[in-house]
Amino acid sequence: MAYNSYSKILLSLFILSLVNVMQITNAFTLNPEYTLRFVSGLPQTTDSVKVHCQSKDDDFGDRILEQGDKFEFSFHMNFFGTTLYHCSFLWGLKHQNFDVFRPNNSFCGSEKLFQNGYCVWLMTDSGIYLALGSNPSPGDFKFLYPWL
């Protein structure tokens with residue numbers, strides 16, 4: 001009997017050590033962090049863009065972005081996996097608003113399970129683009145929303 005209990009303890013310690021090593025090396029995390037970054041790629045000679053993002057619990061207020069400016073925030077998914085962030089964008093007389101993060105969304109929120117996620121939103125004169133990853137190249141951006 002004592003041998004069986006000892007084996008269970010060793011197996012439990014091995015599994016916990018493996019999980020710990022994988023989290024340290026960022027192979028996966030039990031509570032991934034998501035980072036949303038907003039970048040103004042608008043021409044310098046135009047109006048700045050106002051970005052206002054919020055969730056049920058957090059409101060980041062108005063952020064004014066000049067050409068090349070960035071604004072970002074990071075968060076962890078809530079316990080129920082229902083975290084939702086919505087942003088509105090105002091550029092001169094043009095505007096747009098949509099969910100910038102929604103779990104299981106085909107855009108931002110569909111990253112790999114148990115891994116940190118990055119969504120980079122780029123505002124240009126033609127509309128709003130999205131790329132996934134912490135350091136996307138220009139070719140990674142996909143057009144999603146025109147200005148209204």
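Helices (H or I, at least four residues) and strands (E, at least two) are DSSP runs, numbered from the N terminus, and two strands pair if DSSP finds at least two bridges between them. The model shown is predicted, with local features needing pLDDT of at least 70 and side-chain atom pairs counting only at pLDDT 80 or more, while totals for chains, interfaces and linings use all residues. Residues are numbered from 1 along each chain as its sequence is written, and side-chain values use heavy atoms, with hydrogens and water left out.

**View 1. The pairing of strands E8 and E9.** Strand E8, residues 127–132, runs antiparallel to E9 and is joined to E9 by three bridges. Within this pair, Leu130 is placed opposite Lys142 of E9.

**View 2. The open sheet that contains E8 and E9.** Five strands with mixed pairing make up this open sheet, in the order E4-E1-E7-E8-E9. Because strand E4 (70–76) and strand E9 (142–145) stand at the edges with a single partner strand each, one side of each is left without a neighbour in the sheet. Neighbouring strands are turned by 25° against each other on average, direction ignored, where axes are lines fitted to C-alpha atoms.

View 3. A hairpin of four linking residues connects E2 to E3, and five bridges join E2 to the antiparallel strand E3, residues 59–65, with Lys50 opposite Ile64 in E3. Strand E5, residues 85–91, also runs antiparallel to E2, through six bridges, and here Val51 stands opposite Phe89.

**View 4. The two faces of strand E2.** In a regular strand the side chains alternate between the two faces of the sheet. In E2, residues 49–54, the covered face holds Val49, Val51 and Cys53, whereas Lys50, His52 and Gln54 form the uncovered one.

Conventions: Axes are lines fitted to C-alpha atoms, for helices over the stretch in contact, and angles run from 0 to 180 degrees between N-to-C directions. Buried means under 20% relative accessible area, exposed over 50%, partly exposed in between (1.4 Å probe, protein chains only).
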